[in-house]
Structures are given as C-alpha cells and as structure tokens.
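These are my notebook entries on a single protein chain. I set down what I looked up, entry by entry.

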Amino acid sequence: METHPDIVDIRERHEMAERAASTPKVQAVETMAFLTGLYLAASPWIAGFNGLTRLTVTNLIVGLAYALLMSGGFGRAYERTHSMAWACCALGVWTILAPWVIAGDVSTTRSVWSNVITGAVMLLLGLVAAMAARAGDKSESAGRGRARAYRAGPR
C-alpha cells in the first residue's frame, strides 16, 4: 500500500506544498497580509473614524476575513491558496471603494486615505500571493511529471 502510485503522488504534492509554504517570501507575505487585515479591522479606532458606523462594521468584517484568508489558516494546498489570493484581491478593491459605496456620510479624509492605502496594500499582497501560488502550481506539475517518469522506469 505504501508504494501505490496515488499515495506516492499525494505524499509528494503534500511535501511540495509544505516546502513552498515554508519559504521566507511566502511567510513574509502571509505575515504582512495578516497584519494588514488586523489594521483594517481596527482602522476605525486607530484613524479615528469609528463614529461612521457602517464603514466601521464593514472594515471590521473585511479586515478579519482578509487576515484569516491570507494567513494560511485554511490549508496549505496551493490549489486553494490561488483562489483565496484572488478573493483577497477582490477584498482589497472593495476596501478602496468602500468609503464611496457605503451609504451614509463616510467620506471623511481620514477614512478615505486609510481605506485607499490599506486596500492598495491588500491588493498588492493578494497579487503577490496569487503569483506565488501560480509558481508553486508550475513547479508542482513539473515535479509530478518527473515522478511519473521515475515510476515508469527506463524504456
């Protein structure tokens, strides 16, 4: 059972995903994204626009969602990380647009600048994570091709 091709392939993909997730670049992106999400969640109190209730609630929910998605808390399989990174890009765009989209008087200078800068950082970190996941997918498919050739043996 230990040498079954499917088990060997699953083990190789898991090990490759663990190696990719443990690189300093990926760890730095995950850490910066987690901190950015926490900042967005706390930004109404930090930047001083917590009186704008709708934007406060929106920033709290989006910030916590972003921090959870980008911190790798939902698994290390890069097939899922790639789609999570694109979802985080969408959250970054939403954060940029939120001061104008949310109904009510939320267009204070502090809220706009805080959301635009934070949203841009979120978008960039999401793009970096998506590209890292894509690079992981490419190296993973190349590794599977080598593993298949190895298992097939010489011809």
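**Entry 1: Thr-95**

I looked up the side chain of Thr-95 and found one of its polar atoms 2.8 Å from the backbone oxygen of Leu-91. I read this against the definition of a polar contact: a pair of N or O atoms within 3.5 Å, where within protein one must be able to donate a hydrogen and the other to accept it, and residues adjacent in sequence count only if both atoms are side-chain atoms. I note that the model is predicted: local features need pLDDT of at least 70 and side-chain atom pairs count only at pLDDT 80 or more, while totals for chains, interfaces and linings use all residues. Residues are numbered from 1 along each chain as its sequence is written, and side-chain values use heavy atoms, with hydrogens and water left out.

I placed Thr-95 in helix 4, residues 78-101; helices (H or I, at least four residues) and strands (E, at least two) are DSSP runs, numbered from the N terminus. Is Thr-95 buried or exposed? Thr-95 is buried, because its relative accessible area is 2%; buried means under 20%, exposed over 50%, and partly exposed in between (1.4 Å probe, protein chains only). Not counting residues up to four places away in sequence, I found Thr-95 touching Leu-40, Val-62, Asn-115, Gly-119 and Met-122, contact being heavy atoms within 4.5 Å.

I located Thr-31 in helix 2 and recorded it as partly exposed, because its relative accessibility is 46%. Thr-31 and Met-70 are 39 residues apart in sequence, yet their C-alpha atoms are 8.5 Å apart in space.

I then looked up Val-57, which is found in helix 3 and is partly exposed at a relative accessible area of 43%. Helix 2 (24-47) and helix 3 (53-70) each supply at least two residues of a nonpolar patch. Val-57 belongs to this patch, together with Phe-34, Leu-35, Leu-38, Trp-45, Leu-60, Ile-61 and Leu-64.

**Entry 2: The chain**

I counted five helices and zero strands. Of the 155 residues in the chain, 38% are buried. Among contacts with a separation of 6 or more, 72% join residues 24 or more positions apart.

I also consulted the unreviewed UniProt entry, whose annotation "transmembrane region" covers residues 28-46, 52-72, 84-103 and 115-136; such annotations may be inferred rather than shown by experiment. For residues 28-46 I noted 100% helix and 0% strand, with the end C-alpha atoms 24 Å apart.

Technical notes. Patches are made of residues with over 30% relative accessible area and no salt bridge: like charges are joined within 9 Å, nonpolar side chains (Val, Leu, Ile, Met, Phe, Trp, Tyr) within 5 Å. Accessible areas come from the Shrake-Rupley method with a 1.4 Å probe; for residues, only the protein chains shown count as cover. A salt bridge is a side-chain nitrogen of Lys or Arg within 4 Å of a carboxyl oxygen of Asp or Glu.
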